[in-house]
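These are my notes on a two-chain model. I went through the contact between the chains, then the fold of one chain, then a few single residues.

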Amino acid sequence: MYSDAALEQLRKEALSRFWIRIGVVLLIAICLVVISPFLMIFGALTGIVITALIPNPSKKKYYDAVKDSAIRGQFEKAFGEVMVDYNKGFSENFISHTGLLQMGNEYSSDDYVSGVCNGVPFSRSDVYIASSSSDSEGNSSTTVFFEGRWMVFDFPKELSGDLQVFEKNFHYAKKRKGIFTKKAERRHEIFLEDESFNKRYVVMAQDDHDAFYFLTPHMMEKIDRYCSQSDGRFMLGILGNRLHVAINNSKNPMEPSLFRKNDVEEVRAEVSNEIELIRRTIEEFKLDADL
Amino acid sequence: MNPVVVIICVVLLFLVGWIIVTINSIRRMQVKISEAEADIDVALNKRFDVLTKMLDVAKSYLGEERDIILKSIQMRAAMSLEQKGATGAAMENAQKQLLAVGESYPQLGSTNQFKQLQIAIMDTEEHLQAARRVYNSNISRYNQMCVSFPNSLVAAIIGASRREFFKIDDSKRQDVDMRF
């Protein structure tokens, strides 16, 4: 575990290496400008590509140190033994198989943490899903489908089919309905007796009874409260005996930055929020209730 | 061909198509209502089974009262919605009585079998509530279809009329909470 002073030292080292690289690129560019302005542009572009592609070991060391200090340490303190992998997350296949989200052609996931909270196994990861395309004129555009946290909890009961609840402004949620979806996987929209809930959320289920069984008036209130306290657009899915909670907040919260001093404090605060959110999810949805 | 005839044919085709779609929607809703009613029967039967088991476990503490309770919660064939409601209420009372017996006799209440049956009865209660809500939700959509114009015209032609809701005690509706 690193002290705050040691982390700051590592940040300074990584930052100075970063500036040295930038300096070298600029120096090459200035030298080349004497020969030809074209070569300067070529040299600068080459330098930028080299800077981006060649890993900066100091930067990685600093990131790992911050994450070890802020993420692993805090999660272990909160939940005891946890499994942490900063460079890995949920596989694309795993997320795709849930059928909860549209999948683009870009996928990444990192900051995987799994453990047990109040007897409930959980795992979480930051997920990024986007679709990139370019037109005939070479203009490229990227549409981000999802960027935020994805949490998976063991659910104490198994429903007979899939159940999905999401906010109406949660764009790119996959509804798995219509004739192009396999009949066994097809969901249909459910309208509950609470009109205000119907206005704010979309409920998709394979079986009406499951939806009404889980979404009692009390549970609807809880979802509404949980959603109001979330920092992004919310989606919930019950698939088999797993509860999936996805919060699309356009953030990768546990990433440190070289340019911010005392950034570790911010990362720690984000991790505290994550821990609190895991606890709150288990509490709100009564996942720890003993049968 | 005369354009007026073409227009009349198109309008008639559209009308016939709309009538068929509406009739199918009403029939589909009627099937869903029947399914939801069958779901209530399943939940009531399940609750009856669990209560019977509980009565057997508590029979030495209940004496003759056991038979009286058992008779009151008996399911009969082809019960009306009202009768199902009454049976559900009787089961509710029986459940309260049994839980009170469990509290009065700690040696009974602390047995594993009694505890498991208590959990099972809560589970069946949750399923029954869900079945009732599914039924009422379907009834609500069906009634809206039957009374809203112009669907009401088609509903009247095929003899589809408003149906009664399964009454849920308001205080009960407030108390329902998922217990896992």
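**Interface**

I counted four salt bridges between chain B and chain A, a salt bridge being a side-chain nitrogen of Lys or Arg within 4 Å of a carboxyl oxygen of Asp or Glu. One of them joins B:Glu126 to A:Lys157, with the closest N and O atoms 3.6 Å apart.

The model is predicted, so local features need pLDDT of at least 70 and side-chain atom pairs count only at pLDDT 80 or more, while totals for chains, interfaces and linings use all residues. Residues are numbered from 1 along each chain as its sequence is written, chains are lettered from A and ligands numbered from 1 in the order in which they are written, and side-chain values use heavy atoms, with hydrogens and water left out.

I then looked up polar contacts and found nine residue pairs between chain B and chain A, both residues at pLDDT 80 or more. A polar contact is a pair of N or O atoms within 3.5 Å; within protein, one must be able to donate a hydrogen and the other to accept it, and residues adjacent in sequence count only if both atoms are side-chain atoms.

Which elements of chain B supply at least two residues each to the side that touches chain A? They are α1 (3-57) and α6 (112-147). Helices here are DSSP runs of H or I with at least four residues, strands are runs of E with at least two, and both are numbered from the N terminus. The largest share, ten residues, comes from α6(B). By class, I noted seven nonpolar, three polar and eight charged residues on this side of chain B. Nonpolar covers Ala, Val, Leu, Ile, Met, Phe, Trp, Tyr, Cys and Pro; charged covers Asp, Glu, Lys and Arg; the others, Gly among them, are polar.

In contact terms (heavy atoms within 4.5 Å), 18 residues of chain B meet 22 residues of chain A. The buried area is about 1900 Å², 60% of it from carbon and sulfur atoms; this is the accessible area (1.4 Å probe) that the two parts lose on being put together, summed over both.

**Chain A**

I listed eight helices and nine strands for chain A. Its C-alpha trace spans about 75 × 55 × 30 Å along its principal axes. Of its 291 residues, 46% count as buried, which means under 20% relative accessible area, with exposed over 50% and partly exposed in between (1.4 Å probe, protein chains only).

**Single residues**

A:Val82 sits in the loop between α3 (57-79) and β1 (83-85) of chain A. Is A:Val82 buried or exposed? It counts as buried because its relative accessibility is 11%. Leaving out residues up to four places away in sequence, A:Val82 touches A:Phe75, A:Glu76, A:Val113, A:Ser114 and A:Gly115.

B:Asn136 belongs to helix α6 of chain B and is buried at 14% relative accessible area. Its side chain reaches the backbone nitrogen of B:Phe166 at 2.8 Å.

I also checked backbone angles. The peptide bond from B:Phe149 to B:Pro150 is cis, with omega near 5°, and B:Pro150 is in the loop between α6 and α7 (151-157) of chain B. A:Arg176 has phi near 50°, positive in a residue other than glycine. A:Arg176 lies in the loop between β5 (163-167) and β6 (188-190) of chain A and is buried at 13%.
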